[in-house]
Amino acid sequence: MEVRAKKYLGQHFLTDMSVAKAIAETLPVDNEMPVLEVGPGMGMLTQFLTAAFGNRLTAVEVDGESVDYLHGKWPELRVVAGDFLKINLKEMYGDSKFMVIGNYPYNISSQIFFKVLENRNQIPVCSGMIQKEVAERIAAAPGSKIYGITSVLLQAFYDIEYVMTVHENVFNPPPKVKSAVIRMTRNDRESLGCDEEMFIRIVKTAFNQRRKTMRNSLRPLLDDKIIDSDIFNSRPENLSVDGFVNLTNIISGK
């Protein structure tokens, strides 16, 4: 049985065994944590995950045809038919920690990572393959032209590692872009030490007008307050996570 790749689901099935093995190896095996695979498709990555993690593996797949295929090939594999963005992770894992991996649909990869971020205290490691351009943005350091909203928000709670670049010819059908494998490992920051909602609002407001200085882009958030601090002369791409935390506390009056 062959599963037809569906364009509306952003499906590009990986066909290279060595790449699949390399992705699977981005997760540590020396713990007892469950593993959640997002979008297994025809199971190219799944075969290496089942070998490494056995019954600790659960696969979440939105495509009914792929679900049937997975059930037929791995009868013992727990397959949840549904959309990862909509499933209740608390119902699946309670308060337990688990790891997330996948060859993620490129059209929703950022949403997937933000859901991981929302559940960061339960997900110490998240890895997988996404569009190369998105991977580079997530991993970008302050000072880079591609450092932006996703860079700051994800790096606030995860250490990001750009693992490898993957070319188009190892997929069926081939995507029009190159891909990359990244690994996000939870850092030791328990909280930001500032108003988190304000932090997110400041990061988004600043990067939406990234050519302006903070003083000009954040003017609507200052409520006519005059704050004498050199940080407001910076542009957003030059501020680290800690810089944005400091900025948030200044604006909040802390």
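## Charges over rings

The charged end of R120 sits over the ring of F157, 3.8 Å from the ring centre. K115 does likewise with F84, its charged end lying over that ring at 5.2 Å from the centre. A charge counts as sitting over a ring if NZ of Lys or CZ of Arg is within 6 Å of the ring centre and within 35 degrees of the ring normal.

## Basis of the model

This is a predicted model, in which local features need pLDDT of at least 70 and side-chain atom pairs count only at pLDDT 80 or more, while totals for chains, interfaces and linings use all residues. Residues are numbered from 1 along each chain as its sequence is written, and side-chain values use heavy atoms, with hydrogens and water left out.

## Aromatic pairs

A pair of aromatic rings is described by the distance of the centres and the angle of the planes. The structure holds four aromatic pairs. Rings of Phe, Tyr and Trp (its six-membered ring) pair if their centres lie within 6.5 Å; planes under 30 degrees apart count as stacked, over 60 as edge-to-face and the rest as tilted.

One of the pairs is formed by Y147 and F207, and it is edge-to-face because the ring centres are 6.0 Å apart and the planes stand at 75°. Y147 lies in the loop between helix 6 (132-139) and helix 7 (149-155) and F207 in helix 8, so the pair ties together parts that are 60 residues apart in sequence. Helices (H or I, at least four residues) and strands (E, at least two) are DSSP runs, numbered from the N terminus. The rings of F207 and F244 have centres 5.8 Å apart and planes at 35°, so this pair is tilted. It links distant parts of the chain, with F207 in helix 8 and F244 in helix 10 (residues 241-252), 37 residues apart. Buried means under 20% relative accessible area, exposed over 50%, and partly exposed in between (1.4 Å probe, protein chains only).

## Nonpolar cores

The largest nonpolar core has 54 residues, of which F113, F199, F244 and L247 touch the most other members. Helix 8 gives the most to this core, with six residues. A nonpolar core is a set of buried Ala, Val, Leu, Ile, Met, Phe, Trp, Tyr and Cys residues joined through side-chain atoms within 4.5 Å.

Leaving aside neighbours within four places in sequence, F113 is in contact with Y104, C126, I130, I138, L154, I182 and M184. Contact means heavy atoms within 4.5 Å. A second, separate core of 29 residues includes V35, L45, L77 and M129.

Helix 1 (residues 17-24) has V19, A20, I23 and A24 as buried residues. Seen down the helix axis, the buried residues fall within an arc of 140°, so they line one face of helix 1. The arc is that of the directions from the helix axis to the C-beta atoms. Among the elements that cover these residues are helix 2 (46-53), strand 5 (99-103), strand 6 (125-131) and strand 7 (158-166).

G128 is found in strand 6 and is buried, with a relative accessible area of 0%. Not counting residues up to four places away in sequence, G128 touches I23, G102, Y104, A180, V181 and I182. From G128 to A180 the C-alpha to C-alpha distance is 8.2 Å, and the two are 52 residues apart in sequence.

## Three further buried residues

N187 lies in the loop between strand 9 (179-186) and helix 8 (196-207). At 15% relative accessibility, N187 counts as buried. A polar atom of the N187 side chain lies 3.2 Å from the backbone oxygen of A156. A polar contact is a pair of N or O atoms within 3.5 Å; within protein, one must be able to donate a hydrogen and the other to accept it, and residues adjacent in sequence count only if both atoms are side-chain atoms. Beyond four places in sequence, N187 touches Q155, A156, F157, Y158 and D159.

E61 is in strand 3 (residues 57-61) and is buried, with a relative accessible area of 3%. The E61 side chain reaches the backbone nitrogen of G41 at 2.9 Å. M33 is placed in the loop between helix 1 and strand 2 (35-38), and at 18% relative accessibility M33 counts as buried. Not counting residues up to four places away in sequence, M33 touches R56, K97, F98, M99 and P124.
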